[in-house]
Amino acid sequence: MGELKDLIAELPKAELHLHLEGSLEPEMMFELAKRNGVTLKYGSVEEIRAAYDFSNLQDFLDLYYQGMGVLLKEQDFYDLTSAYLSKATADNVRHVEVFFDPQAHMERGVSFETVLIGITRALEDGHIRHGITNKLIMCFLRHLSEEEAFALLEVATPHLAKIDGVGLDSSELGHPPSKFERVFKEAKALGLKLVAHAGEEGPPEYVWEALNLLKIDRIDHGNAAARDDELIDHLIETGMTLTMCPLSNQRLCVTPDLTENPLAHLLRSGVRVTVNSDDPSYFGGYVNDNYTAIADALDLSMPEIVMLARNSFIGSFLSDVDKEAALDQIDAVFEQHRH
Ligand code: HPA
Ligand code: ZN
């Protein structure tokens with residue numbers, strides 16, 4: 001495992017499934033609560049961590065929306081994003097495509113611009129400071145209405161130079177992709193990339209809907225696809241990327257036992273699978289922790305780990321030139337480890 005761990009650490013990687021608000025560490029939650037005069041329900045960092053014991057997605061979401069209540073000012077979003085980029089850099093993540101949930105802040109009275117400017121300022125500084133590149137994906141909360149999603153898109157429209165794509169997250173069951181068919185069509189017409197969480201807790205049918213109705217460019221999670229052979233074939237034929245998150249699946253009891261995570265089956269069937277951290281502060285690990293845990297649990301080989309890192313760039317929204325440069329670097333690291 002030592003050798004695999006070194007390989008994982010040294011490989012350049014892209015992270016394609018990361019909720020910025022899910023990277024809010026308890027220490028920062030306390031600091032921002034103090035700075036902003038917000039009262040927390042918890043007395044200590046340890047108490048917060050102890051509360052992170054989830055039995056499903058909704059359990060987590062309840063704490064996730066509560067935790068982000070300390071984010072009020074532009075500087076808070078800047079600090080949150082900067083801290084994540086430092087962690088990602090430490091894991092040798094060279095490119096990130098991050099989500100943010102504006103509706104969850106706007107309903108607390110925080111303006112869209114406050115959130116967006118804080119995040120994008122940190123992304124620009126992260127690029128200068130660490131050389132880490134980025135894309136920004138604005139998510140619609142699927143438990144809210146189609147009308148509210150359209151309202152968000154309208155608020156965001158003057159700022160599209162700073163936004164690369166839209167996504168769909170929050171409570172999956174009972175909120176199928178079909179609910180957002182029209183808003184995704186509009187987003188595509190505006191030139192945005194499209195992604196959606198599908199098949200995390202939901203059935204394979206939700207993945208089919210995300211593909212056929214929303215016409216997404218990438219699937220977030222997609223675990224349920226492993227239960228549908230026809231869907232697996234379709235994913236392979238279309239070269240679709242899945243952004244999987246093993247520690248998230250474990251902590252949200254989607255696949256409580258990591259050895260049963262469908263990542264190995266999908267990868268070995270030929271699906272373009274990637275490894276990501278989702279909400280690292282809530283699920284106990286950043287990108288390299290996810291790679292290490294899944295490599296260990298599923299007995300992944302060195303070439304399989306290299307393939308996961310390659311997939312992270314191939315499945316990204318980088319230009320072909322940038323993808324090729326990253327793939328060359330990955331191959332060089334692999335060469336060193338083979339000898
Ligand atoms: N699933 C759905 N919505 C989310 C998640 C997730 O894993 N994290 C933050 N919002
Ligand atoms: Zn997610």
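Predicted model: local features only at pLDDT ≥ 70, side-chain atom pairs only at ≥ 80, totals over all residues.
**Entry 1, the chain.** I began with the secondary structure, and the chain comes to 17 helices and eight strands. I then looked up its extent: the C-alpha trace spans about 55 × 40 × 40 Å along the principal axes. How does the radius of gyration stand against that of a compact globule? For 339 residues a compact globule would have a value near 20 Å, and the chain has 19 Å, so the two agree.

I looked for the site next and found ligand 1 in the largest cavity.

I listed the residues surrounding ligand 1. They are His19, Leu57, Phe60, Leu61, Tyr64, Asp169, Ser170, His197, Glu200, His221, Asp278 and Asp279. By class I noted four nonpolar, four polar and four charged residues in this shell. Which element gives the most to the shell? It is helix α4, residues 57–67, with four residues.

I checked the N and O atoms of the ligand one by one. On the nitrogen side, I found a ligand nitrogen 2.8 Å from a polar backbone atom of serine 170. A nitrogen of ligand 1 also lies 3.3 Å from a side-chain N or O atom of histidine 19. For oxygen, I noted an atom of ligand 1 at 2.8 Å from an N or O atom in the aspartate 278 side chain.

Terms used: Residues numbered from 1 in each chain as written. Chains lettered and ligands numbered in written order. Heavy atoms only, no water. Near = heavy atom within 4 Å. Polar contact = N/O pair within 3.5 Å; in protein donor to acceptor, adjacent residues only side chain to side chain. 1 Å grid on protein atoms, 1.4 Å probe; cavity = no way out; pocket = protein on both sides within 12 Å on 5 of 7 lines; lining within 4 Å. Sits in = over half its atoms within 2 Å of the grid points. Helix = DSSP H or I, 4+ residues; strand = E, 2+ residues; numbered from the N terminus. Nonpolar A, V, L, I, M, F, W, Y, C, P; charged D, E, K, R; others polar. Rg over C-alpha atoms; globule rule 2.2 N^0.38 Å.
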